[in-house]
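Dear colleague,

Please find below the structure that I am handing over to you. My notes on what was found in it follow directly after it.

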Amino acid sequence: MTSSPRTLTEAAAALRAGETTSVALTEAALAAADAHDEQTGTYLARFDDYALASAHAADTDFGNGVDRGPLQGIPFGVKDIIAMAEGPTTAQSLVLDRTWGAGRDAPVVARLKTAGAVITGKTSTMEFAVGMPDDSKPFPIPRNPWDTDTWPGGSSSGTGSGVAAGLFFAGLGTDTGGSIRIPAAFCGVTGLMPTFGRVPKSGCVPLGYSLDHIGPLARSASDCAAVLATIAGHHPSDPDSVSAPFRVPEDLGKADLAGLRVGVVRDEHHFPDNGDPALLDTFSAAVAVLAELGATVVEVRLPYWSQMCTANMLTLACEALAYHRSDATERWTDFFAGTRAILAQGAMVSGADYVQAQRMRRVAQDAIDRMFDDVDVIACPTASITAPPVRDYLGERGSTGVLSLFASVHTGYWDCLGNPVLAMPMGFGANGLPLSVQLAGRAFTEATILRTADAFQQVTDWHLATPPLIAAATATTAAA
Amino acid sequence: MTDKTTATDEEIAEVRALLAEARLPASEAEIRTLAMTHRAQREAVHDLYTAQAARYVDPALRFRAHARIIDWWSTTV
């Protein structure tokens, strides 16, 4: 390889081939942050000295023949609702007690460090992984590298924008209603929500206890597989985590989906009249690629769609209110407007409503599991729109924006069910911004959806597209 | 969900009472905004009770008899 690595997987190969060093990759990542972070609002905290020390340690390990796996020496971002010893966790909130998690690593962060990842800093989020940006609060406004007038999606905003802008190769996000997949979609990168319980979520500020997932955002499916293999596995502090280690599938890199059965969703929920004009054609073209790779395609309709969308919001709001109510009664206006709107929703339903939502989740889980008897993967758009203008969500507009967003993004259904879902770019909308497809699988079949996405990315290059802002800066640097 | 641009006095009063019961000091503007969608959200919640398939189903809730809470920072795995 002669040019700079574009993906985590390429960087890992270049490190082992002696074509680059972790220090060189990290210095490039920090330089990219110097150049772009003010525009993208990616970081809440940077750990430059720590990152460079970690990079030197990784290079020393390589020199001594010590290989801790594909993340060794790789610049990496961590969403700032996940504890890391090098700095306080803020959850991008005035409210969170800064002593929470102070000086401690969440289990997933400890695993990243053991694997030799070079964590460059903590990334921006929607407050407590919910709500919307609020320009009345003293935090950066996350902006999309594809168009800084637009929102990068949330809540894992900084991890999505950071990968797209080249500030790191991969990072951690969390997903309770779509917070990995929405920024992956709007920023044109790949994001994986693992099966509920695959990755321990302790050490992460909770949003919805029964819905929260920690997972990777990166350039490619192969990158996401490498991260998942590092962070997956039981931890006794999370009663929901299971003993189901994940290994990177050996058949990644093969552009062959022969024998794979793909269920395709083309219903009115995913393709509304006000969706992007290019959505249907772009989605159809992506499905055609899967078929050309050998997959068998059948049409499916997702069972209990509207009920699961309701159950997702109801469950999230109730569980969030239980966690935040003490603070909310005392410090209501310190919360962002969008957060307040969600917490209020939790006060407007009954305990019986909450339990009934959990009964419906069981029914829908059973129905979707039976559907996976007939298909291996379900494909549907992640959102029916591209990144919306960030001004539409700022301040008090966030209180209505957060509730209306889910008419256009199609992610919360899957959080309710717990299935693994990968979101990846599939082309561009009419306005030139990224569009994304979701690939869902049966519980604990991440290998299947990663293999499907990887095959797609072997023959397409949407996941490698660079935002004009970054491409222009790179060209200027090269010319100088 | 059907969004409205105004809410009835009854809807506003209902939302105000619910938030007060939870001791959430929402502003009058927030209450009015929430009231616009409240009725539609209630209808969506009522719909959760109509599926016959859920009539005899256990919820996705499980109480565990394990008594000890294991702090996440106390164990490295």
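**Findings in the predicted model**

A:Phe76 stands opposite A:Ile119, a residue of β3(A). Please bear in mind throughout that this is a predicted model. The strand pair in question is β2 (residues 75-79) and β3 (residues 118-123) of chain A, which run parallel and are joined by five bridges.

Both strands belong to an open sheet of eleven strands in chain A, with mixed pairing and the order β1-β3-β2-β4-β6-β5-β10-β11-β9-β7-β8. At its edges are β1 (43-46) and β8 (296-300) of chain A, each of which pairs on one side only. On average, neighbouring strands of this sheet are turned by 30° against each other, direction ignored.

Helix α2 (residues 22-40) of chain A lies across β1, β2 and β3 of that chain and runs at about 20° to β3(A). Helix α7 (residues 221-231) of chain A lies across β4 (170-175), β5 (190-193), β6 (213-218) and β10 (421-428) of chain A, and its angle to β6(A) is about 145°.

I would next draw your attention to strand β9 (residues 377-381) of chain A, where five of five residues are buried. Both of its faces are covered: A:Val377, A:Ala379 and A:Pro381 are buried on one side, and A:Ile378 and A:Cys380 on the other. Strand β7 (residues 261-265) of chain A runs parallel to β9(A) and is joined to it by three bridges; here A:Val264 stands opposite A:Ala379. Strand β11 (residues 434-441) of chain A runs antiparallel to β9(A), with five bridges between them, and A:Cys380 stands opposite A:Gln438 of β11(A).

The largest nonpolar core has 163 residues, and those with the most contacts inside it are A:Ile74, A:Phe76, A:Ile82, A:Ala170 and A:Leu422. Helix α9 (residues 305-330) of chain A gives the most to this core, namely eleven residues. Beyond its neighbours within four places in sequence, A:Ile74 is in contact with A:Leu8, A:Ala11, A:Ala12, A:Ala117, A:Val118, A:Phe169 and A:Ala170.

Helix α10 (residues 337-346) of chain A is likewise mostly covered, with ten of its ten residues buried. Among them are A:Arg340 and A:Gln345. What covers the buried residues of α10(A) includes α9 and α12 (397-404) of chain A, together with α1 and α2 of chain B.

This brings me to the interface between the chains. In chain B, 34 residues are in contact with 40 residues of chain A. On the side of chain B that touches chain A, α1 (9-21) and α2 (28-47) of chain B each supply at least two residues. The largest share, eight residues, comes from α2(B). By class, this side of chain B has 23 nonpolar, five polar and six charged residues.

Finally, is A:Ala479 buried or exposed? This residue is placed in helix α15 (residues 468-479) of chain A. A:Ala479 has 6 other C-beta atoms within 10 Å, and a residue counts as exposed at 12 or fewer. A:Ala479 is therefore exposed. From C-alpha to C-alpha, A:Ala479 and A:Pro145 are 21 Å apart in space, and 334 residues separate them in sequence.

With kind regards

Conventions: Residues are numbered from 1 along each chain as its sequence is written. Chains are lettered from A and ligands numbered from 1 in the order in which they are written. This is a predicted model: local features need pLDDT of at least 70, side-chain atom pairs count only at pLDDT 80 or more; totals for chains, interfaces and linings use all residues. Two residues are in contact if their C-beta atoms, placed from the backbone, lie within 7 Å. Helices (H or I, at least four residues) and strands (E, at least two) are DSSP runs, numbered from the N terminus. Ala, Val, Leu, Ile, Met, Phe, Trp, Tyr, Cys and Pro count as nonpolar, Asp, Glu, Lys and Arg as charged, and the others, Gly among them, as polar. Two strands pair if DSSP finds at least two bridges between them. Axes are lines fitted to C-alpha atoms, for helices over the stretch in contact, and angles run from 0 to 180 degrees between N-to-C directions. A residue is buried if 20 or more other C-beta atoms lie within 10 Å of its own, exposed if 12 or fewer, and partly exposed in between; C-beta atoms are placed from the backbone. A nonpolar core is a set of buried Ala, Val, Leu, Ile, Met, Phe, Trp, Tyr and Cys residues joined through C-beta atoms within 7 Å.
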